[in-house]
Amino acid sequence: MSDTTKTVGVIGGLGPLATLDFFERILRRTRAVREQDHLRIIIDNNTKVPDRNAFWRGEGPSPGPALAASAKGLQEAGAEFIVMACNTTHAWEADILAAISVPFISIIDVTIEAVADLRPEAVGVLAVDACLTAGLYQDGLKKAGLRAVLLNADSQKTFMELIYRVKSGDSGEVVRRAMATLARKLEAQGAEVIIAGCTEIPIVLTAEDIEGELVSSTDVLVERTIVFAGGDLK
């Protein structure tokens, strides 16, 4: 690996297990013979960012200021570009961009690009309530000429319960089976590709759990991060 690689800044803690998973996947996808071959990564594991779902329910403050402060702090610490290991918080991307002068890679944009390359007609979206309310994936897919397929209200409620179980540290077989069932429901509704649009999902759902294609937003961002930083992608 060249010693001219860029330093990565990660807005993390959203939640912390998803941040840990993102970091580990970067390590595993980077071709490295020695520790010096890995990227320099600065992570702000900021678990004090206000709850995104509570904000959209009108029950809490905006996460925007905290996200902007985290991004600014990462740049000041030496990050040459910034990523965020969370989908929903991209609803406040404008706040982040206003606080920094280094590039920011959007997990939403790169995931939709990866999905569009597969040329499906219908795309299932597994994402938390706030992400769906903000229309992050629905709007992006529509612009790409793709149709978003969502869970019904009861299944979405189950999905939210599963995500909070993963956030609490439960990635056991019961949660894994239940998440796979929800993904297959989207396939039954006509989805040819499923977006894992929450960074907790890949902790409990793999491509082997469904019939069609699974596009993990975490894995897409991992690949783009390594490449943009100038690392050697496995």
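Analyst: A residue counts as exposed when its relative accessible area is over 50%, and as buried when that area is under 20%, with partly exposed in between. Please keep in mind that this is a predicted model.

User: Okay, is arginine 28 buried or exposed?

Analyst: Arginine 28 has a relative accessible area of 57%, and because the cut-off for exposed is over 50%, arginine 28 is exposed.

User: And which residue does arginine 28 form a salt bridge with?

Analyst: Its partner is glutamate 24, with the closest N and O atoms 2.8 Å apart. Both residues lie in helix 1, four residues apart, which is about one turn of the helix. Glutamate 24 counts as partly exposed, at 34% relative accessibility.

User: How many salt bridges does the structure hold, and where does aspartate 37 come in?

Analyst: The structure holds 11 salt bridges. In one of them the side chain of aspartate 37 meets that of arginine 34, at 3.3 Å from N to O, and aspartate 37 counts as buried at 8% relative accessibility. Shared partners also join Asp21, Arg25 and Asp219 into one network of salt bridges.

User: Switching to the packing, which residues have the most contacts inside the largest nonpolar core?

Analyst: Those are Leu126 and Phe159, in a core of 58 residues. Helix 9 (residues 173–188) gives the most to this core, with six residues. Domain 1 (8–106 + 220–229) and domain 2 (108–217) both contribute residues, so the core lies between them.

User: What does phenylalanine 159 touch?

Analyst: Leaving aside residues up to four places away in sequence, phenylalanine 159 touches Leu126, Ala127, Val128, Leu151, Met179, Leu182, Cys198 and Ile201. There is also a second, separate core of 16 residues, which includes Ile11, Val49, Cys86 and Trp92.

User: Last one, which residues of helix 7 are buried, and what covers them?

Analyst: In helix 7 (residues 136–143) the buried residues are Leu136, Tyr137, Gln138, Gly140 and Leu141. Their cover includes helix 5 (107–117), strand 4 (122–126) and helix 10 (217–229). Just after helix 7, glycine 145 takes a positive phi of about 80 degrees.

Definitions and conventions:
Residues are numbered from 1 along each chain as its sequence is written. This is a predicted model: local features need pLDDT of at least 70, side-chain atom pairs count only at pLDDT 80 or more; totals for chains, interfaces and linings use all residues. Side-chain values use heavy atoms; hydrogens and water are left out. Buried means under 20% relative accessible area, exposed over 50%, partly exposed in between (1.4 Å probe, protein chains only). Helices (H or I, at least four residues) and strands (E, at least two) are DSSP runs, numbered from the N terminus. Contact means heavy atoms within 4.5 Å. A salt bridge is a side-chain nitrogen of Lys or Arg within 4 Å of a carboxyl oxygen of Asp or Glu. A nonpolar core is a set of buried Ala, Val, Leu, Ile, Met, Phe, Trp, Tyr and Cys residues joined through side-chain atoms within 4.5 Å. Domain bounds come from an automatic or database domain assignment.
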